[in-house]
Amino acid sequence: MERVLVAPNPAKKEFIRRIERESGTEVSLCYQCGKCAAGCPVAFAMDYTPRQVIRLLQLELVDEALKAESIWICATCETCTARCPRGVDIASLMDAMRREALAQGVVTDKKVASFNQAFLNLVEKYGRVHEVELTLQFNLKTGQLFKDMDLGLPMFTRGKVHLLPAAVKGRQEVKNIFERVRQMGGDRS
Amino acid sequence: MKLAYYPGCSLDASAIEYNLSTQKTASVLGVELEEIPGWGCCGATSAHSTNKLLSVALPARNLAIAEKEGLDVLAPCAACYSRSRATEHLVREDAELAERVREAIGMPYTASNRTLSILEVLVQTVGLEAIAAKVTNPLKGMKPACYYGCLLVRPVEYTGFDDPEYPQSMDKIMKVLGANPVKWSYQTECCGASLVTMRPDVGLKMTYAILKNAVEQGADSIVTACPLCHMNLDMRQSQVEKTFGVEFNLPVYYITELVAVACGVSPKEVGIDRHFVEAFYHITHLPQEMEEPPAEPEGKKAQKISEKIAEATQQGQLEKKSTEEPAPESGEKTQPVELNKGAVKLAERLFPDDQEKVEQAARLFSKDPEKMKKVAQMMAQDKEKAVKVAEAFLKKEAKSGAEEVSKE
């Protein structure tokens, strides 16, 4: 890690408090043992390990933490949370960080965010996820038109694909939830 | 007993066999399922990465419909189960959030009911004995690796029906069905389902590690209770094989498929013929008998090590035996040592023309593997020297024997 001078900054302090409230946990509890990083199945692909992400937050290096690719690589498998000897809910912290990065428009991994957006758009539209359209939308958005196309036909012949989304009875109610969440000040709980 | 049934989006399409087999299993075991009318997507895993209120409101609506009927909910999909459990937890613990959730869904909801995973229903609601009573087609000879994945057992605050590091409920069910589940290291490791579409470089590696460990531990199949795990391990197995240049051909079953089949339902009826990796032939042609467990994990190195260990223990046993022999009676000390084949061979090579010496040396080597090792090593370099050393050993042995006799 590069050297960065640390000075107190009220805005950054407020950011940390918000993340902590959202995830119901405290970064200061962490004593940097590294058990989270040791058990993390995706640490091999991360730029900062989960332990380092928490350290960044402890040092109030907020921008570095938000821009870490790690928060988008986290698979939310909860291994870190289950094993933390200090009871830090690291997986929820990662969740809160992703939401914060979205709100601030600093998304390091656009693919993950695009997928999530495509996913939620479909839920809002149909009440459920329609896997075919999700794959198509995601591929279009990320410019990888033929990704997983080899799986399409076998899926179809096995009766695992509905070409058209189902007409869900509760469709309008689900749509209403999206609408109300937006009205209620949406992005932060 | 009656449960509200929340299949979730996957079970409607890519995991259709999980849906078929869950319903079949329930009817065989006498559990009545009532599908939640007009259920919607739970939002996993995109909603909780995007908006917290939304991520709680989406499952809350489905749970609220079931709560009105006074029913607990069966959610076979591990991701739906996890989101539903998280929702219940938050609604019970966080009054302020609960109020906002009720406002968002426009319905009363207090989380007075609870969501159950398929494993909880099988082990706790139905019970292992009740399952055992229904088994007519035991899965003898099957050696599955029971794969729980991440969301069924973690986090403990939400789930808590099994151990987060060493869960056993699925293993117990498989044993009741007549199978012999293997012990392995990746039972709660994440398969990377949420990453495989967006970051295949990361996701496929995770799936590879799971398949590899299952094969190394002697599993003939994997059992899951999650449509995302199944999709990753089954549908994407060919991608994993291509990426890493290996061949697994490991069938991946849903636990409900196996319960149904063991209870006499035809594999076709629960959709086992719809898998990507051949699973139908496997389940209809089980060996029916328990084979000997494989001696050691595959790989020549492991085999060599195991051979060495076997050799060492054999020698150890011989040593032990020789010390356990009753002390030779005076004058008859030639008798009781059990001859070791290797020792006889070495002795024959040392003294090809002297039958008496062969016998003496064989006896000595069988009794004292250290000396045999020394001589054998020397033999490889310098035969004459080895013969001299062996003769010296024999002389010494004869002398000590004579001393013992004279003492008595």
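**View 1. Pairing of strand E1 of chain B in the predicted model.** In this predicted model, strand E1 (residues 2-5) of chain B is joined to strand E2 (residues 32-35) of chain B by 4 bridges in the parallel sense. Within this pair, Ala4(B) has Glu34(B) of E2(B) as its bridge partner. E1(B) also runs parallel to strand E3 (residues 73-74) of chain B, with 2 bridges between them.

**View 2. The open sheet E5-E6-E7 of chain B.** Three strands are arranged in the order E5-E6-E7, with parallel pairing. Strand E5 (144-146) and strand E7 (252-254) of chain B each have a single partner strand and stand at the edges, so one side of each lacks a neighbour in the sheet. On average, neighbouring strands of this sheet are turned by 30 degrees against each other, direction ignored.

**View 3. Strands E6 and E7 of chain B with helix H12.** Strand E6 (residues 221-224) of chain B pairs with E7(B) in the parallel sense over 3 bridges; the bridge partner of Ile222(B) in E7(B) is Val252(B). Helix H12 (residues 255-262) of chain B packs on the sheet and touches E6 and E7 of chain B, its direction making about 75 degrees with that of E7(B).

**View 4. The contact between chain A and chain B.** Chain A contributes 50 residues and chain B 48 residues. Among the helices of chain A that each supply at least two residues to the side touching chain B are helix H7 (90-104) and helix H11 (171-183). H8(A) provides the largest share of that side, 7 residues. By type, the residues of the side of chain A that touches chain B comprise 25 nonpolar, 11 polar and 14 charged.

How values were computed: Residues numbered from 1 in each chain as written. Chains lettered and ligands numbered in written order. Predicted model: local features only at pLDDT ≥ 70, side-chain atom pairs only at ≥ 80, totals over all residues. Contact = placed C-beta atoms within 7 Å. Nonpolar A, V, L, I, M, F, W, Y, C, P; charged D, E, K, R; others polar. Pairing = 2+ DSSP bridges. Axes fitted to C-alpha atoms, helices over the stretch in contact; angles between N-to-C directions.
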